[in-house]
Amino acid sequence: MTLREVGTVTIVDLSGRIALGEGSALLRKTIRDMLEGGQTKILLNLGDVNYIDSSGIGELVSAFTAVRNRGGELKLLNLTKKVHDLLQITKLFTVFDVYNEEPTAVRSYL
Amino acid sequence: MTPEAKHLEVILDTHVESVNLAEEMCLRVAEAVGFSEDECYRIGMSVREGVINAFHYGNQEKPDKKIHLALDLTQEKMIIHVMDEGKGFRLADVPDPLAEENLLSTSGRGIFLMRAFMDEFNVVPGRTGGAEIIMSKKIPTPGPASGNGNHPKSSSDAAPKREV
């Protein structure tokens with residue numbers, strides 16, 4: 001997991017699995033630390049995330065809500081097909097703002 | 001059970017590592033049986049969700065309780081049983097994660113995913129005293145008309161499946 005700043009947006013590049021015992025806890029801590037540091041424009045780049053289970057979905061929803069409660073926005077970038085399908089069948093595709101292009105996603109925060 | 005049927009059963013500790021162990025074990029069997037990569041993903045995910053359910057909700061993460069995982073392979077299908085040692089539950093009492101008021105819930109999607117990804121799904125009282133999840137998937141037959149396609153299911157395909 002790496003963090004980078006593009007303008008006022010913090011992009012979190014995630015990889016591997018977001019699942020129970022594998023990445024969920026790290027994602028939670030990262031989001032919490034970012035919010036405590038005042039970063040509320042957060043873009044999760046899931047381009048290299050090949051697997052998410054229900055715990056991982058729960059972490060994404062939890063992060064979305066936590067950021068929104070601080071007046072910020074958490075959006076998703078570059079969903080793999082599996083993650084896209086998972087968000088679609090769970091109807092979360094209608095909840096998250098999802099982008100395929102990083103510049104477009106960054107501009108959406110303006 | 002037919003003479004060709006195979007049965008495999010393991011008892012897992014109520015520990016987070018059991019989730020990956022169960023998933024890996026069932027994936028290997030599914031691959032050996034000939035399921036496609038996409039179907040293996042769905043089977044693996046369903047086993048994972050079943051064991052998470054047993055670990056977290058059934059056994060309430062109590063280490064003195066066990067998770068019972070069983071696989072039955074018949075000529076037609078792969079049947080997976082996940083039993084916990086909790087108090088059991090009724091499917092009718094599980095909230096719908098697609099309901100507007102539950103969309104932002106941080107939990108409660110495991111049962112939905114198992115129903116969506118497997119051909120048959122049911123929960124019955126288990127012999128261990130808790131809940132027994134029973135789910136199955138039809139084993140692919142060789143050839144292009146196997147009906148075991150690799151296309152992802154849309155949300156409309158995710159309706160509750162026939163009970164086992």
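Predicted model: local features only at pLDDT ≥ 70, side-chain atom pairs only at ≥ 80, totals over all residues.

Staying with chain A, strand E2 (residues 9-18) and strand E3 (residues 41-52) run parallel and are joined by 8 bridges.

The chain has 3 helices and 5 strands, and read from the N terminus its elements follow the pattern β-α-α-β-β-α-β-β. Of its 164 residues, 37% are buried. If we take the contacts in chain B between residues at least 6 apart in sequence, 69% of them join residues at least 24 apart.

The 5 strands of chain B also form an open sheet, here in the order E1-E2-E3-E5-E4 and with antiparallel pairing. Strand E1 (6-13) and strand E4 (120-125) of chain B are the edge strands, each pairing on one side only, and the twist from one strand to the next averages 15°.

Let me go through the pairings around strand E3 of chain B. On one side, strand E2 (residues 66-73) of chain B pairs with E3(B) in the antiparallel sense over 6 bridges, and the two form a hairpin with 3 residues between them. E3(B) also pairs with strand E5 (residues 131-138) of chain B, again in the antiparallel sense, over 7 bridges, and there B:Lys77 has B:Lys138 in E5(B) as its bridge partner. How buried is strand E3 of chain B? Of its 7 residues, 77-83, 5 are buried, so the strand is largely enclosed by the rest of the structure.

Further along the sheet, E4(B) and E5(B) pair in the antiparallel sense over 6 bridges, with B:Glu120 standing opposite B:Ser136 in E5(B). Helix H2 of chain B packs on this sheet, touching E2, E3 and E5 of chain B, and its direction makes about 180° with that of E5(B).

Is B:Asp72 buried or partly exposed? It has 17 C-beta neighbours inside 10 Å, and therefore counts as partly exposed, since 20 or more would be required for a buried residue. Leaving aside residues up to four places away in sequence, B:Asp72 touches B:Ala5, B:His7 and B:Ile79. By contrast, the C-alpha atoms of B:Asp72 and B:Glu85, which are 13 residues apart along the chain, are separated by 21 Å.

Turning to the helices of chain B, the axes of H2 (residues 37-58) and H3 (residues 110-117) come within 9 Å and cross at roughly 150°, which means that H2(B) is roughly antiparallel to H3(B). The crossing is left-handed. On the H2(B) side the contact is made by B:Arg42, B:Met45, B:Ser46, B:Glu49, B:Gly50, B:Ile52 and B:Asn53, and on the H3(B) side by B:Gly110, B:Leu113, B:Met114 and B:Phe117. By class, these residues divide into 5 nonpolar, 4 polar and 2 charged.

Finally, the two chains together: 21 residues of chain B are in contact with 18 residues of chain A. The elements giving two or more residues to the chain B side are H2 and H3 of chain B, and H2(B) gives the most, with 5 residues. That side of chain B divides into 13 nonpolar, 4 polar and 4 charged residues.

Note on methods. Residues numbered from 1 in each chain as written. Chains lettered and ligands numbered in written order. Buried ≥ 20, exposed ≤ 12 C-beta atoms within 10 Å, placed from the backbone. Helix = DSSP H or I, 4+ residues; strand = E, 2+ residues; numbered from the N terminus. Pairing = 2+ DSSP bridges. Axes fitted to C-alpha atoms, helices over the stretch in contact; angles between N-to-C directions. Parallel < 35°, antiparallel > 145°, perpendicular 65-115°, else oblique. Left-handed = near helix turned anticlockwise from the far one by under 90°. Contact = placed C-beta atoms within 7 Å. Nonpolar A, V, L, I, M, F, W, Y, C, P; charged D, E, K, R; others polar.
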